[in-house]
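Work through the exercises below with the sequence and the 3D view open. Each task is followed by its solution.

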Amino acid sequence: MGSSEGRQEVIKLLIDAHSNELALVNVLNAHLAIAEKGSYATLLRNHLRETERHADLIQKRLTRLGYSESIPAMAYGVVQNTVKQALVMAKGPVDMLRGRTNVREKMVRNAMDEAMTEGFEIATYDTIEAVARTVGDHETAELAAEIRVDEEQMLDGLRKEIPILADSFVRIKITDLGPTAEPWEGYDDMTVDEIRSQLDGASDSLLLEVRNYEKRNKNRSTILNLTELEGASV
């Protein structure tokens, strides 16, 4: 590895990342406490385990780099930034108060916050990887790249879940949307095969809309099977 100064820069970044991962454990636990059973809750539960693993891996790497909390290598400004980030991310109790009368509204807003957090974490590990490689710490760079993959997958998962959560929430809250409205113009005149063709490559939100319409109107099992999404509900 490079100079002592380079190692200290990597250590500072890892300290920030470790604090954020610990804070995110609190957030995910709080969000899981109110999430309805389904694919979104499963996504959170899986990422909670990943986040705990990330914190453990970073702590072990810090130990191998010779970091100890007793070492005055962590400047006051770095401490303050880490605490600030942790406080911003560890706001689970506040999220619990959102949308008091509608748990699905809470879930949508929590998922939006989680997506923003994932973007921040991806940027964090991009930075750690780049700095570590520059100073010759390839082990830390590889660790950052490995963790970033998990964060990217979580963000992709959240982007698929958010339209489903939003659709479910708004259909309950805004009753005049009209459950009898066709998913698209001419839907009622189409055959099952024609609908199947239209659904090829469709977004999760469109699949859910078609599923909801079918369950409330024609209830054709073939289309319901085509549009089945784990955890989707009307």
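The model is predicted, so local features need pLDDT of at least 70 and side-chain atom pairs count only at pLDDT 80 or more, while totals for chains, interfaces and linings use all residues. Residues are numbered from 1 along each chain as its sequence is written, and side-chain values use heavy atoms, with hydrogens and water left out.

**Exercise 1.** State how many helices and strands the protein has.

Solution. Take helices as DSSP runs of H or I with at least four residues, and strands as runs of E with at least two, numbered from the N terminus. The protein then has 9 helices and 0 strands.

**Exercise 2.** Find what share of the residues is buried.

Solution. Buried means under 20% relative accessible area, exposed over 50%, and partly exposed in between (1.4 Å probe, protein chains only). Of the 234 residues, 43% count as buried.

**Exercise 3.** Decide whether T140 is buried or exposed, and list what it touches.

Solution. First locate T140: it lies in helix 6, residues 138-173. Its relative accessible area is 0%, so T140 is buried. Next look for contacts, meaning heavy atoms within 4.5 Å. Leaving aside residues up to four places away in sequence, T140 touches V10, L14, R61, L65, I128 and A132.

**Exercise 4.** Describe the setting of E114 in helix 5.

Solution. Start with the helix: helix 5 covers residues 103-134. Then check its side chain, which makes a polar contact of 2.9 Å with the side chain of Y40. A polar contact is a pair of N or O atoms within 3.5 Å; within protein, one must be able to donate a hydrogen and the other to accept it, and residues adjacent in sequence count only if both atoms are side-chain atoms.

Key: The expected span of a helix is 1.5 Å times one less than its number of residues.
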